[in-house]
Number of protein chains: 2
Amino acid sequence: MTDYLRDGAEIYRRSFATIRAESDLTRLPPDVAQVAVRMIHSCGMTDLTGDLDWSPNVVRDARAALRAGAPILCDAMMVASGVTRRRLPAGNEVVCTLGEPGVAELAEKLATTRSAAALELWRDRLGGAVVAIGNAPTALFRLLEIVAETGVRPAAVLGIPVGFIGAAESKQALAESDLEHLVVHGRRGGSAMTAAAVNAIASEVD
Amino acid sequence: MTDYLRDGAEIYRRSFATIRAESDLTRLPPDVAQVAVRMIHSCGMTDLTGDLDWSPNVVRDARAALRAGAPILCDAMMVASGVTRRRLPAGNEVVCTLGEPGVAELAEKLATTRSAAALELWRDRLGGAVVAIGNAPTALFRLLEIVAETGVRPAAVLGIPVGFIGAAESKQALAESDLEHLVVHGRRGGSAMTAAAVNAIASEVD
């Protein structure tokens, strides 16, 4: 049997050192770089930085919102599951409404996906929230529609849905909006990367 | 606002058609190709097939085990969270022991990570199980040690941990073992890809 490193803290230390040595973080502001390192850690890909896009205050505003107790609104259970509760600064609520009763019927009535319909149940918590979309492009498109319709604004949007149909387009639309945002352009994305971004914003501890 | 496709079934259909058109699936046996398509869907990367490795009976044996009621043993809550319960053929138990009481103390006692220590709580369920490791290289290394120590054999191992320290090495060790296995060589991997592999094996429905 291969010998292997068993010290969790040392594994983290060497992982983050490798990421910092191999990733091009120079074009990122320091607070975005800290988030990017953790996102790279979650996917094993140092070239992720090339697809990253952000608004100048996204990390600052998301972090301030969390410290003030804002909820984290997630489009998928895997995103919610990946948020490390002990890193949250104010015991923040982590919300995913996808599995709530009535969402399937609502999706049928609104002629949309369940992921998009689930956002209708966010409405009373959306103002000032941190939104973390790591799966469904339709959820991100619907978020932008709700903001446009209502004028209610989240503190920040981590828009990192994955896939082949609508993912790139939904992230482009978010990047062109005036919302504070962090996106990974293109097809890549997903729940692990998105949860990693939340975890990095929640606490600056590696 | 950009118009976008809202029909969930049509989004799936077009996504899978895009993946089949753009991925090189020719070197994969048909049952592995079906699993690969769903894994690609979870990460947005059509070049994933280049890193895939498998033993000839892994999909057949994992599928048979699930139909016979085998549990799915996951190293991380995100993997367990990503398994779509309605796809499971026998209401199979989805197990993640990482958060169980005593695991942190056990890790300290055994001088290893919590992810590896959590496998000690799998021992009575490991024979014939489907193992899904999507996060921690140390969990995959420990699994191989337990199999070597006890002779107890899971039906199949989906070994897809992610990262910079030990991930590639642990997957190489699994690929060189005589266990039925599916791996993604290199640094890439993760809970979404791993849950997608479980979901594809559990049901052949797109």
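Colleague: Let me start with a contact: which residues in H2(A) meet residues in H3(A)?

Modeller: On the H2(A) side they are A:Asp31, A:Val32, A:Gln34 and A:Val35, and on the H3(A) side A:Val59, A:Arg60 and A:Arg63. Keep in mind that this is a predicted model. By type, the residues of this contact divide into three nonpolar, one polar and three charged.

Colleague: How confident is the prediction for chain A, going by pLDDT?

Modeller: Chain A averages a pLDDT of 97, and 99% of the residues score at least 70. The model as a whole scores ipTM 0.96 and pTM 0.97. One caution goes with any such model: where pLDDT is low, the predicted coordinates should not be read in detail.

Colleague: Back to those helices. At what angle do helix H2 and helix H3 of chain A pack?

Modeller: H2 (residues 30-43) and H3 (residues 58-67) of chain A pack at about 75°, and their axes are 8 Å apart. An angle from 65 to 115 degrees counts as roughly perpendicular, so H2(A) is called roughly perpendicular to H3(A).

Colleague: And in chain B, why are H3(B) and H9(B) called roughly perpendicular?

Modeller: H3(B) and H9(B) pack at an angle of about 75°, with 9 Å between their axes. That value falls in the 65 to 115 degree range, so the two helices are roughly perpendicular to each other. H3(B) brings B:Val59, B:Ala62, B:Arg63 and B:Leu66 to the contact, while H9(B) brings B:Ala200, B:Ile201 and B:Ala202. Sorted by type, that's six nonpolar, no polar and one charged.

Colleague: Why is B:Ala64 called partly exposed?

Modeller: B:Ala64 is found in helix H3 of chain B. Its relative accessible area is 45%. Buried needs under 20% and exposed needs over 50%, so at 45% B:Ala64 ends up in between, as partly exposed.

Colleague: How do you know that the span of helix H2 of chain B agrees with what it should be?

Modeller: Just set one number against the other. H2(B) covers residues 30-43, which is 14 residues, and at 1.5 Å a residue it should span 20 Å. Its end C-alpha atoms are 20 Å apart, so the two agree.

Colleague: What makes H2(B) mostly covered?

Modeller: The count does: 12 of its 14 residues are buried. Among them are B:Val32, B:Met39, B:Ile40 and B:Cys43. The buried residues pack against helix H1 (8-22), strand S1 (52-54), helix H3 (58-67), strand S6 (181-184) and helix H9 (191-202) of chain B. Just after H2(B), B:Gly44 takes a positive phi of about 75°.

Colleague: What covers the buried residues of H7(B)?

Modeller: Both chains have a part in that. The cover includes helix H1 (8-22) of chain A, along with helix H6 (114-117), strand S4 (130-133), strand S5 (156-159) and helix H8 (167-176) of chain B. Of the 14 residues of H7(B), 11 are buried, including B:Leu140, B:Phe141 and B:Ile146. Helix H7 (residues 137-150) of chain B reaches 20 Å from its first C-alpha to its last, close to the 20 Å expected. B:Gly151 follows H7(B) and has a positive phi, near 75°.

Colleague: Which residue other than glycine has a positive phi near 55° in chain A?

Modeller: That's A:Ala111, found in the loop between H5 and H6 of chain A. Most residues other than glycine have a negative phi. In chain B, phi of B:Ala111 is near 55° too, and B:Ala111 lies in the loop between helix H5 (103-110) and H6.

Colleague: Why is A:Ala111 called exposed?

Modeller: Exposed means over 50%, and A:Ala111 has a relative accessible area of 55%, so the word applies. B:Ala111 also has 55%, and therefore counts as exposed.

Colleague: Then what makes A:Thr112 count as buried?

Modeller: A:Thr112 is in the loop between helix H5 (103-110) and helix H6 (114-117) of chain A. Buried means under 20%; A:Thr112 has 15% relative accessibility, so it counts as buried. Leaving aside neighbours within four places in sequence, A:Thr112 is in contact with A:Ala107, A:Ala117 and, from chain B, B:Arg6.

Terms used
Residues numbered from 1 in each chain as written. Chains lettered and ligands numbered in written order. Predicted model: local features only at pLDDT ≥ 70, side-chain atom pairs only at ≥ 80, totals over all residues. Heavy atoms only, no water. Helix = DSSP H or I, 4+ residues; strand = E, 2+ residues; numbered from the N terminus. Expected span 1.5 Å × (residues − 1). Buried < 20%, exposed > 50% of the residue type's maximum accessible area, 1.4 Å probe, protein only. Contact = heavy atoms within 4.5 Å. pLDDT = per-residue confidence, 0-100. Axes fitted to C-alpha atoms, helices over the stretch in contact; angles between N-to-C directions. Parallel < 35°, antiparallel > 145°, perpendicular 65-115°, else oblique. Nonpolar A, V, L, I, M, F, W, Y, C, P; charged D, E, K, R; others polar.
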